[in-house]
Amino acid sequence: MRGNCTKLRDKFTGWRCDSCGDFITSVQAGWVEWLASEDKHGNDVLSGPRPVHRGPRQKARKHNCRYDPLEEFRSSKTIVEGLPLDRLVGPDGLMVLLSLLAEGELPRREILELVRRVQIPGYELVRSLSRTRKRSKLTAPVLGHRCYLQSEIQEVLARTTGNNFILD
Ligand SMILES: [Zn+2]
């Protein structure tokens, strides 16, 4: 059982691509992007930060997971900005995320979720559970605010066995 859980967790050390829904299995394959526009006072307003695949997907007929800058500009006058995922992992990555939080251009709630998703091992797993009918396997984190401790994520893993979940 334990060994099984470890294997399960290994499968979830990646990040979920918000565009195609597949896992981003290496940090090099990831990109984090958001949209920038100006409010009526000329201040930068950023929105919709999301992890996606960095390059075109071979499997999905070269589907490109990243926003199309031209399309975004045409349809909503927003500029696409982004960073390679590896700039947001580890201690320096956390600092970059904190600086974004301090800057206050992105909504706080969205930045916090990005920090959890990018930095916390297993968080993507808990997150995908909370969006499926397997929600019953989730208990509320002690800290609240969707801030799961590693022990709580482990517990979720221990209760979530079987291949069905892996394919979710
Ligand atoms: Zn993708």
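What share of the chain's contacts between residues at least 6 apart in sequence join residues at least 24 apart? I looked this up to start my notes. The share is 58%. I keep in mind that this is a predicted model.

**Entry 1: the whole chain**

I went through the secondary structure next. The chain has seven helices and five strands. I read the pattern along the sequence as α-β-β-β-β-α-β-α-α-α-α-α. Then I checked burial. The chain has 168 residues, and 36% of them count as buried.

**Entry 2: the zinc ion**

Which atoms coordinate the zinc ion? I found SG of C17, SG of C20, ND1 of H53 and SG of C65. They sit at 2.0 to 2.3 Å. The angles among the four donor atoms run from 100 to 116°, and the site is tetrahedral. I also noted the spacing of the donors along the chain, C-x2-C-x32-H-x11-C. Within this set, C20 and H53 link distant parts of the chain, 33 residues apart. I placed C20 in the loop between β1 (15–16) and β2 (23–24). H53 belongs to strand β4, residues 44–53.

Are C20 and H53 buried or partly exposed? I checked each one. C20 has 28% relative accessibility, so I log C20 as partly exposed. H53 has 5%, so H53 goes down as buried.

**Entry 3: C65**

C65 is in the loop between β4 and α2. Its relative accessibility is 1%, so C65 counts as buried. I then listed its contacts, leaving out neighbours within four places in sequence. C65 touches C17, S19, C20, E33, R50, V52, H53 and R57.

G55 is 10 residues from C65 along the chain. Their C-alpha atoms are 7.5 Å apart.

**Entry 4: S76**

I moved on to helix α2, residues 69–76. S76 lies in this helix. Its relative accessible area is 38%, so I count S76 as partly exposed. How far apart are the C-alpha atoms of S76 and L35? I read 9.8 Å. Along the chain the two residues are 41 residues apart.

**Entry 5: helices α4 and α5**

Here I compared two helices. Helix α4 covers residues 108–119. Helix α5 covers residues 123–130. Their axes come within 7 Å and cross at roughly 120°. That angle makes α4 oblique to α5.

Which residues meet where α4 contacts α5? From α4 I wrote down E113, R116 and R117. From α5 I wrote down Y123, E124 and R127. I sorted the residues of this contact by type. One is nonpolar, none is polar and five are charged.

I then checked how covered α5 is. Eight of its eight residues are buried. They are Y123, E124, L125, V126, R127, S128, L129 and S130.

**Entry 6: R127**

R127 came up in the α4 contact, so I gave R127 its own entry. Its relative accessible area is 10%, and under 20% counts as buried, so R127 is buried. I looked for partners beyond four places in sequence. R127 touches D18, E113, R117 and R146. Of these, E113 and R117 are in α4. R146 is in the loop between α5 and α6.

**Entry 7: H145 and R146**

That loop was my last stop. H145 is found there too, between α5 and α6 (150–159). I looked up the backbone angles. Phi of H145 is near 55°, a positive value in a residue other than glycine. Phi of R146 is near 60°, again positive and again not in a glycine. I flagged both because most residues other than glycine have a negative phi.

Are H145 and R146 exposed or partly exposed? H145 has 66% relative accessibility, so H145 counts as exposed. R146 has 34%, so R146 counts as partly exposed.

Terms used:
Residues are numbered from 1 along each chain as its sequence is written. This is a predicted model: local features need pLDDT of at least 70, side-chain atom pairs count only at pLDDT 80 or more; totals for chains, interfaces and linings use all residues. Side-chain values use heavy atoms; hydrogens and water are left out. Helices (H or I, at least four residues) and strands (E, at least two) are DSSP runs, numbered from the N terminus. Buried means under 20% relative accessible area, exposed over 50%, partly exposed in between (1.4 Å probe, protein chains only). Contact means heavy atoms within 4.5 Å. Donors are N, O and S atoms within 2.8 Å of the metal (3.2 Å for Na, K and Ca); water is not among the atoms, so sites may look incomplete. Four donors count as tetrahedral if all angles lie between 85 and 135 degrees; four count as square planar and six as octahedral if opposite donors are over 155 degrees apart and all others between 65 and 115; anything else is irregular. Axes are lines fitted to C-alpha atoms, for helices over the stretch in contact, and angles run from 0 to 180 degrees between N-to-C directions. Angles under 35 degrees count as roughly parallel, over 145 as roughly antiparallel, 65 to 115 as roughly perpendicular and the rest as oblique. Ala, Val, Leu, Ile, Met, Phe, Trp, Tyr, Cys and Pro count as nonpolar, Asp, Glu, Lys and Arg as charged, and the others, Gly among them, as polar.
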